[in-house]
Amino acid sequence: MVEELKKLWIDSFGGCEPYAYDLKHTFRKRWVRFHALPDSKRYPDTEQEYQEVFSRHNTVLAALNGSNKEVLVVLPE
């Protein structure tokens with residue numbers, strides 16, 4: 001699975017490392033950032049805020065995914 005992800009990454013992004021600070025400069029026209037909490041707050045503090053983050057993430061993923069059934073989300077260790 002890891003090798004498959006590496007190949008997919010290289011095929012899609014070439015030699016650019018998978019770090020947000022590199023991607024946003026290398027792919028300026030394709031870079032987008034979604035704020036998950038009101039007033040650009042970075043981290044949720046309450047259960048209600050966590051639910052809001054999940055709700056907003058699910059909305060964005062559903063819109064980006066279209067009719068596809070599978071979404072792969074890769075998070076840092």
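**Close-up 1. Salt bridges in this predicted model.** The count comes to 5 salt bridges, where a salt bridge is a side-chain nitrogen of Lys or Arg within 4 Å of a carboxyl oxygen of Asp or Glu. Side chains of opposite charge can pair when their charged atoms come close. Because this is a predicted model, local features need pLDDT of at least 70 and side-chain atom pairs count only at pLDDT 80 or more, while totals for chains, interfaces and linings use all residues. Residues are numbered from 1 along each chain as its sequence is written, and side-chain values use heavy atoms, with hydrogens and water left out.

**Close-up 2. E3 and K6 in helix α1.** Here the side chains of E3 and K6 form a salt bridge, with 3.7 Å from N to O. Why are E3 and K6 separated by about one helical turn? They are 3 residues apart in helix α1, which covers residues 2–13. Helices (H or I, at least four residues) and strands (E, at least two) are DSSP runs, numbered from the N terminus. E3 is exposed, at 58% relative accessibility, and K6 is partly exposed, with a relative accessible area of 45%. For these words, buried means under 20% relative accessible area, exposed over 50%, and partly exposed in between (1.4 Å probe, protein chains only).

**Close-up 3. The network of K41, D45 and E49.** Look for K41, D45 and E49, which are linked in a network of salt bridges. Within this group, the closest N and O atoms of D45 and K41 are 2.7 Å apart. Is D45 buried or exposed? D45 counts as exposed, at 60% relative accessibility, whereas K41 counts as partly exposed, at 30%.

**Close-up 4. D39 and S40 in a loop.** Where does D39 lie? D39 is in the loop between α2 (20–26) and α3 (47–65), and S40 lies in the loop between α2 and α3 as well. Phi of D39 is near 60 degrees, a positive value in a residue other than glycine. For S40, too, phi is positive and near 60 degrees, again in a residue other than glycine. D39 counts as exposed, at 81% relative accessibility, while S40 is partly exposed, with a relative accessible area of 41%.
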